[in-house]
Amino acid sequence: MKKLLLGLIYLSVPAVSAQKLKKPVISNSKKDFFSHQSIQLETDKIFNKLVEIRRDFHRNPELAGHEIRTQKMLKQYLIALGLEVKTDIYGYGVVGILRGGREGKKIAWRSDMDALSNDFPDPQPFKSETKGIQHGCGHDVHMAVGLGIAEVLAKNKKYLKGTVYFVFQPEEETFMGAKGMMNTNLFSKIAPDEIYGLHVTALPVGEIIVKPNEVFAYQKRIRIELKKRIIKRGDKKFNRENPYLFVPHERRK
Ligand SMILES: [Zn+2]
């Protein structure tokens with residue numbers, strides 16, 4: 001079997017609105033469609049809509065194995081874009097297939113779908129409406145990014161060389177979804193030459209990091225008991241009544 005190129009991109013989520021983003025100088029030439037500037041133009045057109053979609057996912061999180069509403073939303077969006085959509089692969093997974101107008105490589109883009117079981121404080125006005133469940137890992141952002149790429153490319157598919165598969169994978173937090181899709185029939189339905197994924201992380205806005213092979217592929221939880229009072233001058237959040245620490249990664253030995 002042909003070895004797949006797996007890539008992962010880290011992305012920061014901009015805190016600014018679309019209006020505050022610097023507008024690029026745009027060429028209207030269709031020949032330039034796949035230039036950075038023309039993609040930026042297409043992206044700017046749907047930026048606010050994508051923010052709303054991400055917030056909708058954030059308000060309506062679903063745990064691994066229960067991504068029912070999430071699947072419905074993804075499916076509807078991809079069908080409306082004119083993609084061929086498959087949901088008979090594994091769990092509540094969704095695959096959208098976009099065939100370009102010209103010959104070329106077959107590329108897959110993967111986004112995860114499920115939320116976490118927790119109640120970390122969330123100051124956002126669009127916070128989770130389901131107690132105990134939260135998109136604390138950014139999968140809401142990953143799905144919105146996947147839909148955004150699908151829309152920009154679908155609107156210009158006659159210029160697209162090759163085929164793009166949009167793989168929305170359920171059950172990431174339980175480590176079941178990727179294996180489940182691969183062991184069922186994913187690669188009998190799609191045949192990508194390369195697969196890419198993305199995970200949001202804490203970086204300055206506008207920066208990305210690219211790394212081949214796996215990363216962010218495991219999690220461990222640790223319990224820390226704080227015996228002494230923590231005092232941080234000027235920060236009322238950290239006191240004896242609320243001594244939480246958020247430790248996102250454990251360095252593996
Ligand atoms: Zn995640």
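Biologist: Thanks! What kind of structure is this, and how are its residues numbered?
Modeller: This is a predicted model, in which local features need pLDDT of at least 70 and side-chain atom pairs count only at pLDDT 80 or more, while totals for chains, interfaces and linings use all residues. Along each chain, as its sequence is written, residues are numbered from 1.

Biologist: Which residue of strand 5 is the bridge partner of Arg99?
Modeller: Strand 5 also joins strand 3, through 6 bridges, and these two strands run antiparallel. In strand 5, Arg99 is partnered by Thr163.

Biologist: Which hand does the β-α-β unit of strand 4, helix 3 and strand 5 have?
Modeller: With the strands pointing away from the viewer, a crossover is right-handed if the path from the first strand over the helix to the second runs clockwise. Strand 4, helix 3 and strand 5 form a β-α-β unit that is right-handed.

Biologist: How far does helix 3 reach from its first C-alpha to its last?
Modeller: Helix 3 covers residues 139-154, 16 residues in total. The expected span of a helix is 1.5 Å times one less than its number of residues. For helix 3 that expectation is 22 Å, and the reach is close to it, at 22 Å.

Biologist: Why is helix 3 largely enclosed by the rest of the structure?
Modeller: A residue is buried if 20 or more other C-beta atoms lie within 10 Å of its own, exposed if 12 or fewer, and partly exposed in between, with C-beta atoms placed from the backbone. Among the buried residues of helix 3 are His139, Met143 and Leu153. Helix 3 is largely enclosed because its buried residues number 12 of the 16.

Biologist: Is Glu171 buried or exposed?
Modeller: Glu171 is found in the loop between strand 5 and helix 4 (177-184). Its phi is near 50 degrees, a positive value in a residue other than glycine. Most residues other than glycine have a negative phi. With 24 other C-beta atoms within 10 Å, Glu171 is buried.

Biologist: What is the phi of Phe175?
Modeller: Phe175 also sits in the loop between strand 5 and helix 4. Phe175 is partly exposed, with 13 other C-beta atoms within 10 Å. Its phi is positive, although it is not glycine, and lies near 65 degrees.

Notes. Helix = DSSP H or I, 4+ residues; strand = E, 2+ residues; numbered from the N terminus. Pairing = 2+ DSSP bridges.
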